[in-house]
Amino acid sequence: MKICVLPGDGIGPEIMAEAVRVLEALELGFEMEEGLIGGGAVDATGVPYPEATSALARAADAILLGAVGGPKWDTLPREQRPERGLLAIRKELGLFANLRPAILYPELANASSLKPEVVAGLDILIVRELTGDIYFGQPRGIEMREVDGAQQRYGFNTMHYTESEIRRIGRVAFEAARKRGKRLCSVDKMNVLETTQLWRDVMSELAADYPDVELSHMLVDNAAMQLVRAPKQFDVMVTGNMFGDILSDEASMLTGSIGMLPSASLDEHNKGLYEPSHGSAPDIAGQGVANPLATILSAAMMLRYTFGHEEAAKRVEDAVKKVLAQGLRTGDIYEPGTRRVGTREMGDAVLAAL
Ligand code: NAD
């Protein structure tokens, strides 16, 4: 059981140290090896996803990643930007299924910008296709063209999905719904985009294999609205890469606590890359104040989805609930009446609760 550990940039190393301590405390015999990715890798090797990291990631059963990026690398050519490292590892490992839970812990109900009664008890899972769609479609670019009698800059991208790509993400979503509330909402824009008409058709065909799951369809503009109007109507949502990018951020913000949200990106054999939903938070990096819980909860997802250790995953999640119930808060989730702690102290508390 090999885990490739990629702390990355900014707060990455600080939050990763706590997740690694939690994994070690479980004594499940994991072999963990660290690699470089993102800005740190650019500084050391000139590229954001060096060959040595790629070899490590390919040989591992799972990858635990902190975050990448920061202002220092924002002016580099696009190909050398830290975020390219993330796209490269997802593509290389065929991580096509992105699972992002948005859970609002009762203790943090005030953190949401929505009324507590609208969000209290929220527990939804967004399944986003991650390796296709307009983000990867060719042709793409910006070039000079003659349009309407004038030479002007012309930007273009291509949206496409094959039915097999839709079917494999659909299966992940139906299976996930089966393990939860058995309701799946597929999100598309079939009234305008042919690609998403195909999406809807294939999802409907798949439903025949999952008679125990109730499938519904929603247009993406309505889905964006419903997520803030009545988010608890959803159990599992499945959508393409671009819509999923936007909706999963929207859903995560319903909880008001970006430092709490884990994510998983899986391949066809449940090999996965696990990472917090937030970025490298350069504004607080190196201060020891970042919230490590999203990374610790990402490690719990890894235990569940890649290693099948449901019990250990639950133990970690319960330990996190316990420290919240004890009133411990990092700055991002602090409110008067609770106790403000730093990254290490939060990690210590989770270990004690374990
Ligand atoms: P961000 O998520 O890094 O930060 C947004 C805000 O949330 C900041 O105020 C930050 O301090 C706070 N925050 C985030 N995580 C926190 C935590 N664990 N504990 C406490 N507070 C936390 O987003 P951003 O500022 O837009 O981006 C910063 C950098 O991160 C950019 O270079 C961006 O490209 C990169 N980024 C990387 C990833 C990734 O690695 N997956 C994702 C998003 C952004």
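Here is a walk through the ligand site, the pockets and the cavity of this structure.

Keep in mind that this is a predicted model, in which local features need pLDDT of at least 70, side-chain atom pairs count only at pLDDT 80 or more, and totals for chains, interfaces and linings use all residues. Residues are numbered from 1 along each chain as its sequence is written, and side-chain values use heavy atoms, with hydrogens and water left out.

Let's start at the ligand. There are 20 residues around it, and E83, G279, A281, D283 and N291 come nearest; a residue is near a molecule if one of its heavy atoms lies within 4 Å of it. Sorted by class, this shell holds nine nonpolar, seven polar and four charged residues. For these classes, Ala, Val, Leu, Ile, Met, Phe, Trp, Tyr, Cys and Pro count as nonpolar, Asp, Glu, Lys and Arg as charged, and the others, Gly among them, as polar.

Now look at the backbone around the ligand. G279 has a backbone N or O atom 2.7 Å from an oxygen atom of the ligand, and a polar backbone atom of V68 sits 2.9 Å from a ligand oxygen. With N291, it is a nitrogen atom of the ligand that lies 2.8 Å from a polar backbone atom. On its own the ligand exposes 800 Å², and the protein buries 67% of that (accessible areas come from the Shrake-Rupley method with a 1.4 Å probe).

Next come the empty spaces. Rolling a probe the size of a water molecule over the atoms shows where empty space is left. The search runs on a 1 Å grid over the protein atoms alone: a cavity is a set of points where a 1.4 Å probe fits but cannot get out, a pocket is an open set with protein on both sides within 12 Å along at least five of seven lines, and lining residues have an atom within 4 Å of a point. Points are joined across faces, edges and corners, and a volume is the space filled by probe spheres set on them.

The largest pocket holds about 1,000 Å³ of space. Its lining has 38 residues, with E83, L86, L87, R90 and R128 nearest the centre. Helix α4 gives the largest share of that lining, eight residues. Domain 1 (1–96 + 267–354) and domain 2 (100–129 + 161–261) each provide at least three of the lining residues; the domain bounds come from an automatic or database domain assignment.

The second largest pocket has a volume of about 850 Å³. Of its 33 lining residues, L125, R180, M301, R304 and Y305 are the closest to its centre. Here α6 supplies the largest share, five residues, and the lining has 18 nonpolar, two polar and 13 charged residues. Both domain 1 and domain 2 give residues to this lining, so the second largest pocket lies between them.

Last stop: the structure holds one cavity of 30 Å³ or more. The largest cavity has a volume of about 60 Å³, and its lining includes D133, Y161, W199 and F243. β8 (183–188) and α7 (194–206) are the elements that give two or more residues to this lining, with α7 giving the largest share, three residues. By class, the cavity lining has five nonpolar, four polar and two charged residues.

Conventions: Polar contact = N/O pair within 3.5 Å; in protein donor to acceptor, adjacent residues only side chain to side chain. Helix = DSSP H or I, 4+ residues; strand = E, 2+ residues; numbered from the N terminus.
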